[in-house]
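Please look over the sequence and the structure below before reading on. The paragraphs that follow lead through them step by step.

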Amino acid sequence: MQSLSRKPACAQSQRRGIGAVGRRAVVIRAQAAPSAPSSSSSAGVESISGVRAEVVEAIAKARHNCLTATNLPLPNRRQGKVRDTYDLGDTVVIVTTDRQSAFDRLLAAVPFKGAVLNQTAAWWLDATRHIVPSALLSTPDPNVAVMKKCAVFPVEFVCRGFMTGSTDTSLWTHYKAGARNYCGNAFPDGMRKNDRLAKNVITPTTKAEDHDVPISPAEIVAQGLMTQQEWDTVSAAALRIFEFGQQEAAKRGLLLVDTKYEFGKDSDGNIRIIDEVHTPDSSRYWLADTYEARHAAGQEPQNIDKEFLRLWFRERCDPYKDAVLPEAPAELVCELSKRYVYLYEKITGQPFAVPDLGVPVNDRILANLRKAGICK
Ligand SMILES: Nc1ncnc2c1ncn2[C@@H]1O[C@H](COP(=O)(O)OP(=O)(O)O)[C@@H](O)[C@H]1O
Ligand SMILES: [Mg+2]
């Protein structure tokens, strides 16, 4: 299966893409947009197809009407990197926006991203109920989750099945720099980028305000972030959810490469998984059936994640240090949106419902929250 193709350095008139969701991927050819900026072409953007034409059209139309901020008549708003949360006491109302963050900062606004993430997360939270209960109570709007409020463990449970990544907290970044022990996990010499790990590992980070820092389980306990018992329970649950996610992904021709989870304790002391699960934002997905051959040939795996946008910034600036970042090209932003929709449909088996573009997203959310009796 040849599903994604790397666009060559100079603009070319052919692209290949992934076939329709739910079917085996088909190679298709399409004309590259004549207006495609050569800068994005030289970034080697991979084009995904198999997303319905009506969705692709809507993505282009919605590009300047993304949900980047909310101001609901609810108390205690807190703006995270991607989500705006409102603290109602026993529950939290979490609005997933279209903000695209990486390198601890805002890179772009991506059409429908919030709705896709929220609905993908809701699907996985439901599908993993047999492993650990989640905090999710309802999704009154495609962009909104109402959750039981939890005391959040200040740790991100990063699970990995492969030696990869490009950010400062990535396993490959550390291994390449000579580290052979990372967050309490030992790795042998001689590994190559994108190698499968001998077994899945957890490489936790602290959930710091502005920058996540790698930490070992021993340090987590020594610093009092979690008790040993909490760590044992939560890390075991995280690895089971990850393994389940890998199995479900494999059924859909995907490799779930790595991901991160957050857990908290509800008012009764029960540990629950919170936030998002196996979304394209919190996870890296590769195509399964081309992985081995490409890896053996020294090529990057075919991915359906945001790595290409990260790389685009990496190649042009220092996204950790530069005060002002270049603007991501429209082609890349729309491509990312398509990938998010593709993955949602592939995972859930449901078509993405394109929202009515005539209604401003904030108005729709407010109306839905009123209908659910959450807002006055
Ligand atoms: N059920 C919950 N109870 C309390 N806090 C939650 C719950 N679910 C998610 N959160 C918190 O809401 C915030 C979501 O916003 P997000 O943009 O993802 O934040 P961050 O910038 O920390 O990633 C996170 O800080 C997350 O820990
Ligand atoms: Mg988050």
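How many residues has H9, and what does H9 reach from its first C-alpha to its last? H9 has 19 residues and reaches 27 Å, close to the 27 Å expected at 1.5 Å a residue. The expected span of a helix is 1.5 Å times one less than its number of residues. Helices (H or I, at least four residues) and strands (E, at least two) are DSSP runs, numbered from the N terminus.

This is a predicted model, in which local features need pLDDT of at least 70 and side-chain atom pairs count only at pLDDT 80 or more, while totals for chains, interfaces and linings use all residues. Residues are numbered from 1 along each chain as its sequence is written, and chains are lettered from A and ligands numbered from 1 in the order in which they are written.

The pLDDT (the predictor's confidence in each residue, from 0 to 100) averages 87 over the protein, and 88% of the residues score at least 70. Over residues 1–43 the pLDDT is below 50, and this stretch has 83 contacts in the model beyond near neighbours in sequence. Two residues are in contact if their C-beta atoms, placed from the backbone, lie within 7 Å.

The protein contains 10 helices and 17 strands. Of its 376 residues, 44% are buried. A residue is buried if 20 or more other C-beta atoms lie within 10 Å of its own, exposed if 12 or fewer, and partly exposed in between, with C-beta atoms placed from the backbone. Among contacts with a separation of 6 or more, 65% join residues 24 or more positions apart.

Back to H9: 15 of its 19 residues are buried, so H9 is largely enclosed by the rest of the structure. After H9 comes Gly-349, with a positive phi near 75°. H9 is also part of what covers the buried residues of helix H3, together with elements including S3, S6 and S7. In H3 (residues 113–127), 11 of the 15 residues are buried, so this helix too is largely enclosed by the rest of the structure. Trp-124 and Leu-125 are among those buried residues. The end C-alpha atoms of H3 are 21 Å apart, which agrees with the 21 Å that its 15 residues should span.

Next comes ligand 1. Which residues are the closest to ligand 1? They are Gly-80, Lys-81, Arg-83, Met-147 and Ile-274, in a shell of 17 residues; a residue is near a molecule if its C-beta atom, placed from the backbone, lies within 6 Å of it. Strands S2, S3, S7 and S15 each give two or more residues to this shell.

Asp-275 is buried, with 27 other C-beta atoms within 10 Å, and His-278 counts as buried with 28.

Is Asp-268 buried or exposed? Asp-268, in the loop between S15 and S16, has 7 C-beta neighbours inside 10 Å and so counts as exposed. Asp-268 and Cys-150 are 118 residues apart in sequence, yet their C-alpha atoms are 9.6 Å apart in space.
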